[in-house]
Amino acid sequence: MAQTSLSTLLGIRYPILQGGMAWIADATLAAAVSNAGGLGIISAMNADAAWLRKEIAKARTLTDKTFGVNVMLMSPFAEEVAQLLIEEKVPVVTTGAGNPTRFMAGWIEAGIKVIPVVPSTALAKMVARSGATAVIAEGGESGGHVGDLSTMALVPQVVDAVSIPVIAAGGIGDGRGMAAALMLGASGVQLGTRFLVAEECPAHDNYKDRVLRAKDIDTMVTGRRLGHPVRSIKNPFSRDFASLEADNAVSNDELEKFGGGALRKAAVDGDIERGCVMAGQISGMLTKVQTCQEIIEEMMAECRAVLANAEKISL
Amino acid sequence: MVFEKVCEVIAANKDIDASTIAMETTMAELQLDSLDVVQMVMELEEAFDVSITINEPVSTVGKLVELIESILASK
């Protein structure tokens with residue numbers, strides 16, 4: 001029996017999801033991605049339910065297409081946000097930074113399709129058993145909060161571990177990456193950094209410009225000591241953070257305090273020296289601002305061309 | 001009996017000497033993160049033939065043992 005395609009399952013045109021980026025993925029970006037045929041996602045980040053309710057209402061005025069919400073499980077407002085998603089009947093929920101099983105029964109009962117981000121096969125199996133519609137296998141090439149495994153190693157192992165669709169994320173910047181992900185057994189892809197530099201993305205122009213200027217080796221991971229490592233562009237902030245992290249005299253509390261509010265500083269205020277410019281390893285591939293429509297159509301055309309040429313490869 | 005099995009699974013999966021593990025031992029002391037815990041829970045489910053849901057962080061070996069014991073008791 002042929003498996004239902006991810007696009008059909010989610011009610012979208014192309015199997016491309018937009019990552020839930022805190023302070024970046026708001027109603028405007030999510031609606032633009034959904035209008036372009038992908039699945040736009042609003043990041044609930046550390047915000048409360050009142051803020052999210054407004055963003056959901058705004059997205060509904062900007063698109064009549066399916067969009068989703070990403071729940072950051074470490075958020076102090078995770079409980080009230082989880083409840084709001086049920087009240088608002090948000091069609092798709094993705095989760096990050098933890099194990100979402102405690103919320104899943106309620107969401108699924110409300111008809112919500114749940115797609116957790118998983119950095120390991122065991123968590124993939126656990127959420128699949130709890131009724132997940134699909135999982136996002138995100139490798140450490142991605143920006144923001146990262147796991148240890150790379151996408152190349154993680155995706156096929158998750159594909160083998162579960163029988164639900166797997167969406168590949170981390171390190172996918174163009175149609176070649178998308179084609180490679182499909183060859184690894186993924187049913188679709190999630191892009192963060194690529195949409196970060198979209199015209200409709202609300203991130204500060206300085207932030208987008210910094211990502212566009214970045215070369216292949218310009219990102220680094222900090223915060224391993226705190227248990228939630230983050231990939232960002234190397235800048236004075238990340239270098240100072242790394243120095244403090246390596247200094248045993250600095251407590252974890254002091255380190256957390258040093259990093260507090262740094263993403264907002266970069267994404268909203270445009271301070272790319274003292275803020276945390278979260279971005280993935282594909283930053284070096286990006287050279288220009290494009291609309292979400294252009295990004296998605298270019299990705300799909302490249303992916304189809306690469307797959308069509310595959311049979312010409314001689315082995 | 002549950003404690004012994006938990007120690008055995010931790011020892012087998014993470015190459016940790018089982019004799020160094022006590023009920024009070026924290027996952028952090030064993031240098032195990034939340035993903036390690038999820039992985040071990042999946043192994044323990046098979047061993048005990050139960051379904052374990054993690055609703056709150058499992059910070060110590062003892063909490064993991066209690067969680068499994070409570071599920072076994074209600075079975």
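**Exercise 1.** Which side chains of chain A and chain B meet in a salt bridge?

*Solution.* The model is predicted, so local features need pLDDT of at least 70 and side-chain atom pairs count only at pLDDT 80 or more, while totals for chains, interfaces and linings use all residues. Residues are numbered from 1 along each chain as its sequence is written, chains are lettered from A in the order in which they are written, and side-chain values use heavy atoms, with hydrogens and water left out. Take a salt bridge as a side-chain nitrogen of Lys or Arg within 4 Å of a carboxyl oxygen of Asp or Glu. Across the interface the rule finds one salt bridge, in which the side chains of Arg129(A) and Glu45(B) meet at 2.3 Å, N to O.

**Exercise 2.** Determine how much area is buried between chain A and chain B, and which residues of chain A lose the most.

*Solution.* Buried area is the accessible area (1.4 Å probe) that two parts lose on being put together, summed over both. For these chains the value is about 830 Å², with 66% given by carbon and sulfur atoms. On the side of chain A, Ala122(A), Met126(A) and Arg129(A) lose the most area to chain B, together 52% of what that side buries.

**Exercise 3.** Describe how H2(B) and H3(B) cross.

*Solution.* Helices are DSSP runs (H or I, at least four residues), numbered from the N terminus. With axes as lines fitted to C-alpha atoms over the stretch in contact, and angles running from 0 to 180 degrees between N-to-C directions, the axes of H2 (34-48) and H3 (61-73) of chain B come within 12 Å and cross at roughly 35°.

Technical notes
Helices (H or I, at least four residues) and strands (E, at least two) are DSSP runs, numbered from the N terminus.
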